[in-house]
Amino acid sequence: MIFALVLGLVGFLTEIRTFYSLKEMRESVEEEINQYKSLLDDYSQWLGTLLRNPESSKNQEWLKKAAELQKVLRTGGRRKGKKEEKKAGTSTEWVQFKDIMLCADDFGEAEILFEAVEELKNKIEKLEKIKNSINDLERYGLGKEVLYITYIHDGIPEKIVFRPKKGEAAEKFEFTAELSMVKQT
């Protein structure tokens, strides 16, 4: 079974974004959390389908590798050399091609799914903590006449600069136009 997921660049870039309220920032973080949770569910199902595949369940070495990789990723261990890679039970069929790793091993698909699932769990956890921090800021009652210029790295708000709103220039963009047409006879 092949899954194709498209998640826009939102959340996977570095940006500076201005929010007009903490509520707007919190809602943005909640939206990111929901996107990551949806992606996590899809990848988890894909991984589950792969692990329940009758072909892979017959191969005891493959199942052992999967269990060891899951353990390594959950403990936060990162593989370095080939010796450590073999110890961790990961695929040794990865080949460096310029700036990317390639694999034709049957286990490669499961390996990248495990890594993606763990990475998504980590991002969700970080975003939940950020959301709680924003909730606390809302409770402290920061002024409503403040702009929140936010540094977002890999989809995670990391730094906030407070700036007072100044008149109309700080308001959200609004376009007003009057149209008139000449009636031709």
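This is a predicted model: local features need pLDDT of at least 70, side-chain atom pairs count only at pLDDT 80 or more; totals for chains, interfaces and linings use all residues.
Residues are numbered from 1 along each chain as its sequence is written, and side-chain values use heavy atoms, with hydrogens and water left out.

The structure holds 8 salt bridges, a salt bridge being a side-chain nitrogen of Lys or Arg within 4 Å of a carboxyl oxygen of Asp or Glu. Among them is the pair Glu 30 and Arg 26, with an N to O distance of 3.6 Å. Both residues belong to helix α1 (residues 22-52) and are 4 residues apart, about one turn of the helix; helices are DSSP runs of H or I with at least four residues, numbered from the N terminus.

Arg 26 also forms a salt bridge with Glu 138, at 2.8 Å from N to O. This pair links distant parts of the chain, with Arg 26 in helix α1 and Glu 138 in helix α5 (residues 107-139), 112 residues apart. Glu 138 is partly exposed, with a relative accessible area of 28%. Buried denotes under 20% relative accessible area, exposed over 50%, and partly exposed the range in between (1.4 Å probe, protein chains only).

A further salt bridge joins Lys 131 to Glu 128, whose closest N and O atoms are 3.8 Å apart. Both residues lie in helix α5, 3 residues apart, about one turn of the helix. Glu 128 is partly exposed at a relative accessible area of 25%.

How values were computed
Helices (H or I, at least four residues) and strands (E, at least two) are DSSP runs, numbered from the N terminus.
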